[in-house]
Amino acid sequence: MNWLSNSQGVVLTAYHPSGKDRAVGGNHGKGGEEATASRKYGQYTMNQEITKVPEKPPFDRSSSQDSLDELSMEDYWTELENIKKSSENRQDQEVVVVKEPDEGELEEEWLKEAGLSNLFGESAGDPQESMVFLSTLTRTQAAAVQKRVETVSQTLRKKNKQYQIPDVRDIFAQQRESKEKAPDGINSQSVRTDENTHQGKDDQASSLLVGEKELIPLVPEEAPASETDINLEVSFAEQAVNQKESSKEKAPKSKDSDASLPNFRLPKDKTGTTRIGDLAPQDMKKVCHLALIELTALYDVLGVELKQQKAVKIKTKDSGLFCIPLIALLEQDQRKVPGTRIPLIFQKLISRIEEGGLETEGLLRIPGAAIRIKNLCQELEAKFYEGTFNWESVKQHDAASLLKLFIRELPQPLLSVEYLKAFQAVQNLPTRKQQLQALNLLVILLPDANRDTLKALLEFLQRVIDNREKNKMTTMNVAMVMAPNLFMCHTLGLKSSEQREFVMAAGTANTMHLLIKYQQLLWTIPKFIINQVRKQNTENHKKDKKAMKKLLKKMAYDREKYEKQDKSTSDADVPQGVIRVQAPHLSKVSMAIQLTEELKASDVLARFLSQESGIAQTLKKGEVFLYEIGGNIGERCLGDDTYMKDLYQLNPNAEWVIKSKAS
């Protein structure tokens, strides 16, 4: 395979290391030798314009780095070697070169992804359409949007586009005015000063200076973990601003090289924690828009560059198991098993590994034989869907190698082309908490298929780690082994020193470590984003209501009569302090429940099931849920610990419905 070195292009390819690869190498051990051009062990390759940088002194392997080597860095390099060996006989796929985006193109794409495409270009319309959305943004979010709008506006003016080019001052003038009258609990611009009480020793990451780059090393597994709450009620970027401002007033803190990864926990929220999958699609779309803006604002505040990569269409197989896009694979699987959200081959490989027992020493680290893996791939492609493949012939280490191969050979990364670089940039954020916050937003932004598959992978990896006493695979070991398989993305044409390779290895392994350790937190949607969605919905309802009243007036209806009817619909037949719970798919009758300070969603479900004894016998716990529907939210599945009175006060116009998630 010929490696392209056009500095103006982006190269994306499926898996293609082979004997044709000209690079590899060098000794990754402790000799301090410079590695060769680039490690072409993986498939996701992006080529960007390379700028010359002044030469730096030879990399000094300090005692700090030696300690990192002791923390199983060798597992990372060994995994790279195993990947190369296992792929020598794999078939190369076509390399696609894509022109690097023009000036302003990425910002234009960003605005589209953020739901603000109507502010510019051929689709530019009345900016009022985006005012509701802009009015819910925090200061830092608004600044992030304004920065991109200015770039796009300047670019369009340079190109003399005949579009309507909005003035940034006009777009944000009304948005700034609306800030003066923000509702309680939603879009608060004041960041609590006690945030910084959690930003001390426990959160401050111990660091290692590599050249001019500060690198956060992995933490010894046995180090004692501290506990701290993670605030989901205040914008992450606003918290970062507040922390930066307060840190100026204090003397710099010495960094504790023995600091451990904190045990971050979610503080109890009486209105309920919202997880990915709990919201209706229309609200989840708004969440994604806000998550992108918030992520960009956080990176802007912390001075870290966030460059999205544009998704690229490349020629891929339209059937099979390996080297096939996730979406195409799932469509193929859903014809066999309707409703499948995780690829069947992925599920089966995990199942096969677990059948061999998760206590096996070196699980995931010890590779299967390369020739045997190649033969198994060919046999799986031919027999998997026919149901004639002999799984008894697959050894446990072979199944683990096939699982990693499946991830590497996806035509586009599991972490997505758009956000792979953003995932890699997480290592550059100053504190563990900010790294976790960024990962939380990035997980929200992943396409559904990628996110579901990543979740299944992380849950499996945690089960492996739970058996670490016997299999000798700690979180750190697993992170080192899996990082090359998820983060393979090396720059072409740039001579890689050991220093650069080391930074890449330690950084991606750190991020992998965080993904595994904090996976329970990462699928949570921050409350401040939910509040912004509620605010958007409320403002849109007001706008629709005004339009309806205007229409009715034009049609000569009795406006006063309409308003009375409208008011009566919300106050009808339900006494104050009582909610009416319906279960249209399960029962013909509704149930009135008196709100109390201690009433939870689980209590409502329990009362309903005890009242409908016939239904209760056919249902198991976890098959039906209580939903908040309407009012200032589209639809939201409630957790058992949601306090109903607190939620009712937040959304008094909601309906309360019991149903299954599939309904």
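Set aside the neighbours within four places in sequence, and Gln332 is in contact with Asp318, Ser319, Gly320, Ile324 and Tyr385. That's a handy way into this model, which is predicted.

**Around Gln332**
- You'll find Gln332 in helix H8, which covers residues 326-336.
- Is Gln332 buried or exposed? With a relative accessible area of 9%, Gln332 is buried, because buried means under 20%.
- One of its contacts, Tyr385, turns up again below: Tyr385 belongs to an aromatic cluster along with Phe384, Phe389 and Trp391.

**Aromatic rings**
- How many aromatic pairs does the structure hold? There are 7 of them.
- Phe389 and Trp391 make another edge-to-face pair, at 4.8 Å centre to centre and with 75 degrees between the planes.
- Phe389 and Trp391 are buried too.

**Charges over rings**
- Look for Arg148 over the face of Trp110, 5.5 Å from the ring centre.
- Over at Tyr643, the charged end of Lys270 sits over the ring, 4.9 Å from its centre.

**Nonpolar cores**
- Here's a bit of background: in soluble globular proteins, nonpolar side chains tend to be buried together.
- In this model, the largest nonpolar core has 131 residues.
- Which of its residues touch the most other members? They are Tyr299, Leu364, Leu402, Leu461 and Met512.
- Helix H7 (residues 281-301) supplies the largest share of this core, with 11 residues.
- Zoom in on Leu402: leaving out residues up to four places away in sequence, Leu402 touches Phe322, Leu349, Ile373, Leu376, Cys377, Leu380 and Val394.

**A hairpin**
- Strands E11 (residues 625-630) and E12 (residues 633-637) run antiparallel and are joined by 4 bridges.
- Across the strands, Ile629 in this pairing stands opposite Glu635 in E12.
- What do E11 and E12 form? They form a hairpin, with 2 residues between the strands.
- Check out Gly631 in the turn, which has a positive phi of about 75 degrees.

**How confident is the prediction?**
- For the protein chain, the mean pLDDT is 75, and 63% of the residues reach 70 or more.
- Where is confidence highest and where is it lowest? Helix H14 (residues 448-465) is highest, at a mean of 97, and strand E3 (residues 208-210) is lowest, at 35.
- Over residues 94-98 the pLDDT is below 50, yet beyond near neighbours in sequence this stretch has 20 contacts in the model.
- Residues 567-572 also stay under 50, and here the model has 1 contact beyond four places in sequence.

Technical notes. Residues numbered from 1 in each chain as written. Predicted model: local features only at pLDDT ≥ 70, side-chain atom pairs only at ≥ 80, totals over all residues. Heavy atoms only, no water. Phe/Tyr/Trp six-rings, centres within 6.5 Å; stacked < 30°, edge-to-face > 60°. Buried < 20%, exposed > 50% of the residue type's maximum accessible area, 1.4 Å probe, protein only. Lys NZ or Arg CZ within 6 Å of the ring centre and 35° of its normal. pLDDT = per-residue confidence, 0-100. Contact = heavy atoms within 4.5 Å. Pairing = 2+ DSSP bridges. Core = buried A, V, L, I, M, F, W, Y, C linked by side-chain atoms within 4.5 Å.
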